[in-house]
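The topics are taken up one at a time, beginning with a single position and its surroundings.

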Amino acid sequence: MTDALKNLTVPGPTMIALTEPFWQAVESGRLTVQKCNGCGHHIFYPRALCPHCWSNDLSWVEAAGTGTLKSFSQVHRPAHPGWVPAAGYIVGLVVLTEGPTMLSLILPHGDQAVNVGDAVRMHPTNVGGRMLPVFKTTPDMENLEDAP
Amino acid sequence: MTAAIVGIGELKPVRRTTGRATLEMIAEVSRAAVFDAGLEPGQIDGLLVGPQVGETPQHVPATVCEYLGLHPSMSNVVDLGGASGAGMVWRAAVAIDAGMCETVLCVLANNREAVPPRSPNRNPIREFDVPFGASGANISYALLMQAHMSRFDIPPEDYASIAAWAQHNAQHNPDAIFYGKPATVDDVMASPMIASPLHLLEIVMPVAGGCAVIVTSEAHAKRLPQTPVMLLGAGEKLTHRAVSQAPSLTSGPLKPAMARAFHQSGSTADEMDLLSLYDCYTIMVATTIEDAGLCPPGAFGQWLRGRNLGFDGDTPLNTHGGQLGFGQPDLAGGMTHLVEAVRQLRSNTEGRQIRNAKRALVTGNGATMSEATALVLGAAQ
Ligand SMILES: [Zn+2]
């Protein structure tokens with residue numbers, strides 16, 4: 001699967017000045033999100049202001065890179081032709097331990113079935129020649145949502 | 001018309017911006033106006049924007065509301081060139097007068113790059129969803145459906161039955177794309193899996209087409225030849241653009257939109273003679289039935305069992321076949337639900353007239369269960 005992903009010809013992220021720190025961190029295998037210094041919420045995707053309190057005093061902070069799968073879909077007929085060679089790939093919604101949800105590609109642990117509620121961990125992966133914050137299910141990390 | 005302007009914002013003009021998205025400029029100037037007014041962001045419940053948000057060619061209000069964390073109950077693009085700003089103000093005033101919202105943010109902003117970016121479409125969904133293989137609406141609705149299915153432990157056949165009913169009703173509409181091609185629950189389940197758990201026949205078929213309606217005053221309506229159909233109530237709500245930003249995956253903005261429409265019309269979901277529900281995917285109808293309060297969350301399957309959704313049944317639902325049976329002529333697809341409701345309330349629907357149809361619920365839905373409008377229509381007294 002990983003080789004198939006690397007060789008895809010697919011659209012990469014359209015980064016802007018504001019979102020560049022996020023993608024730079026991903027290049028070095030780290031996941032960062034914004035944190036609002038006004039109300040304390042973590043924010044993803046990156047914005048010019050906090051969508052909770054509209055403070056523009058935001059800092060980049062390191063995220064744990066862990067989360068829980070809120071939903072997923074196995075894509076058999078991709079809408080984008082570039083993804084056809086990887087058909088059968090899984091897209092999921094990951095609730096990060098810090099709070100916000102992000103959409104990502106989900107790599108199953110071995111040949112285990114993917115389920116809503118699965119614990120996942122970031123697994124930076126080369127997709128079409130770029131590093132993306134892909135996630136992998138980690139059955140040994142059940143009930144992450146109950147962690148403090 | 002009575003309305004007051006209570007806050008203003010303005011950015012210092014610059015010849016060039018570098019690397020700034022229009023969304024950032026909109027955020028900065030909106031912040032200035034809202035804080036000038038002494039308001040909290042959450043008090044904004046109306047949003048009027050211009051069409052020129054460069055990195056967002058479609059779903060502009062939803063994209064702006066998602067970025068700002070707003071959940072407006074009235075929203076619009078005002079595309080009147082240099083008259084857009086002034087045009088926003090009276091539109092805000094009539095929306096407030098109509099009880100659709102209380103406080104409206106009217107905002108226009110633009111960036112000005114020396115070299116226009118190579119890709120014109122640089123909105124958040126393009127940056128943070130598309131690179132992961134999540135292009136198109138199918139995946140978003142598959143994610144909504146999987147979340148609903150898992151949370152309430154619902155068998156896939158329950159969703160498939162919605163498509164089967166749409167195909168059944170399409171057999172009474174010679175204009176429907178699936179006329180003459182009925183499908184059973186088994187047929188739906190046997191159709192190819194597109195993005196799990198969505199089967200091909202649970203997804204609308206794109207077609208060419210069109211819809212139009214004429215709206216006039218009650219006084220003028222009395223002098224025209226057609227039996228008028230009255231607008232009794234309306235509601236609207238926007239919560240997000242991308243499915244990853246949805247406040248809930250199992251209940252949508254139609255819930256508050258329908259609540260407002262029912263409240264304005266002084267009626268309840270149970271009193272509707274026709275449910276004309278937006279059905280881009282089977283999951284959309286399932287969630288709408290639950291959000292309308294027709295049954296508890298997760299119980300649409302039990303609610304459907306034993307009911308007849310045909311024009312001659314106990315619970316007529318999408319009697320034209322819905323978009324699942326009729327086909328989806330792009331944006332006009334949603335309007336087919338409106339046109340069918342008007343036909344039924346005029347009592348002149350050929351071959352599928354609901355007996356004694358007095359009230360209809362019409363729902364519209366956009367993006368990824370993001371943009372919602374509900375109407376309650378009534379037959380002339
Ligand atoms: Zn904040």
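This is a predicted model: local features need pLDDT of at least 70, side-chain atom pairs count only at pLDDT 80 or more; totals for chains, interfaces and linings use all residues.

In which loop of chain B does Ser267(B) lie? Ser267(B) is placed in the loop between helix H9 (254–265) and strand S7 (274–276) of chain B.

**Ser267(B) and its surroundings**

- Ser267(B) is buried, with a relative accessible area of 6%.
- Its side chain makes a polar contact with the side chain of Arg359(B), at 3.3 Å.
- Not counting residues up to four places away in sequence, Ser267(B) touches Phe262(B), Met272(B), Arg359(B) and Val376(B).

**The interface of chain B and chain A**

- On the side of chain B, 46 residues are in contact with 46 residues of chain A.
- The size of an interface is often given as the accessible area lost when the parts come together.
- Between chain B and chain A the buried area is about 3,900 Å², and carbon and sulfur atoms give 64% of it.
- Glu127(B), Phe128(B) and Phe132(B) supply 20% of the area that chain B buries against chain A, more than any other three residues.
- There are zero salt bridges between chain B and chain A, whereas 18 residue pairs are in polar contact across the interface, both residues being at pLDDT 80 or more.
- Two or more residues on the side of chain B that touches chain A come from each of these elements of chain B: helix H1 (22–36), helix H2 (60–68), helix H4 (124–128), helix H5 (137–152) and strand S4 (193–195).
- Sorted by class, that side of chain B has 26 nonpolar, 13 polar and seven charged residues.

**Gln146(B), a residue that touches both chains**

- Gln146(B) is found in helix H5 of chain B, and with 11% relative accessibility it counts as buried.
- Leaving out residues up to four places away in sequence, Gln146(B) touches Ser71(A), Phe72(A) and Val116(A) of chain A, together with Pro197(B).

**Arg130(A)**

- Arg130(A) is found in strand S9 (residues 130–132) of chain A, where it counts as partly exposed at 31% relative accessibility.
- Apart from neighbours within four places in sequence, Arg130(A) is in contact with Val10(A), Pro11(A), Gly12(A), Pro13(A) and Thr125(A).
- Arg130(A) and Ala63(A) are 67 residues apart in sequence, and their C-alpha atoms are 20 Å apart in space.

**Backbone features**

- Phe44(A) and Tyr45(A) are joined by a cis peptide bond with omega of about 5°; Tyr45(A) lies in the loop between strand S2 (42–43) and strand S3 (58–62) of chain A.
- A cis peptide bond also joins Ser196(B) and Pro197(B), with omega of about 0°, and Pro197(B) lies in the loop between S4 and strand S5 (198–199) of chain B.
- Asn318(B) is not a glycine, yet has a positive phi of about 50°; this residue is in the loop between helix H11 (300–304) and helix H12 (322–326) of chain B and is buried, at 2% relative accessible area.
- Met369(B), also not a glycine, has a positive phi of about 55°; it is in the loop between strand S8 (359–366) and strand S9 (371–379) of chain B and is buried, at 3%.

**Cysteines**

- The structure holds zero disulfides over all chains.
- For Cys211(B), the closest cysteine sulfur is in Cys280(B), 16 Å away, which is too far for a bond.
- Cys211(B) is partly exposed, with a relative accessible area of 26%, while Cys36(A) is buried, at 2%.

Technical notes: Residues are numbered from 1 along each chain as its sequence is written. Chains are lettered from A and ligands numbered from 1 in the order in which they are written. Side-chain values use heavy atoms; hydrogens and water are left out. Contact means heavy atoms within 4.5 Å. Buried area is the accessible area (1.4 Å probe) that two parts lose on being put together, summed over both. A salt bridge is a side-chain nitrogen of Lys or Arg within 4 Å of a carboxyl oxygen of Asp or Glu. A polar contact is a pair of N or O atoms within 3.5 Å; within protein, one must be able to donate a hydrogen and the other to accept it, and residues adjacent in sequence count only if both atoms are side-chain atoms. Helices (H or I, at least four residues) and strands (E, at least two) are DSSP runs, numbered from the N terminus. Ala, Val, Leu, Ile, Met, Phe, Trp, Tyr, Cys and Pro count as nonpolar, Asp, Glu, Lys and Arg as charged, and the others, Gly among them, as polar. A disulfide is a pair of cysteine sulfur atoms within 2.5 Å. Buried means under 20% relative accessible area, exposed over 50%, partly exposed in between (1.4 Å probe, protein chains only).
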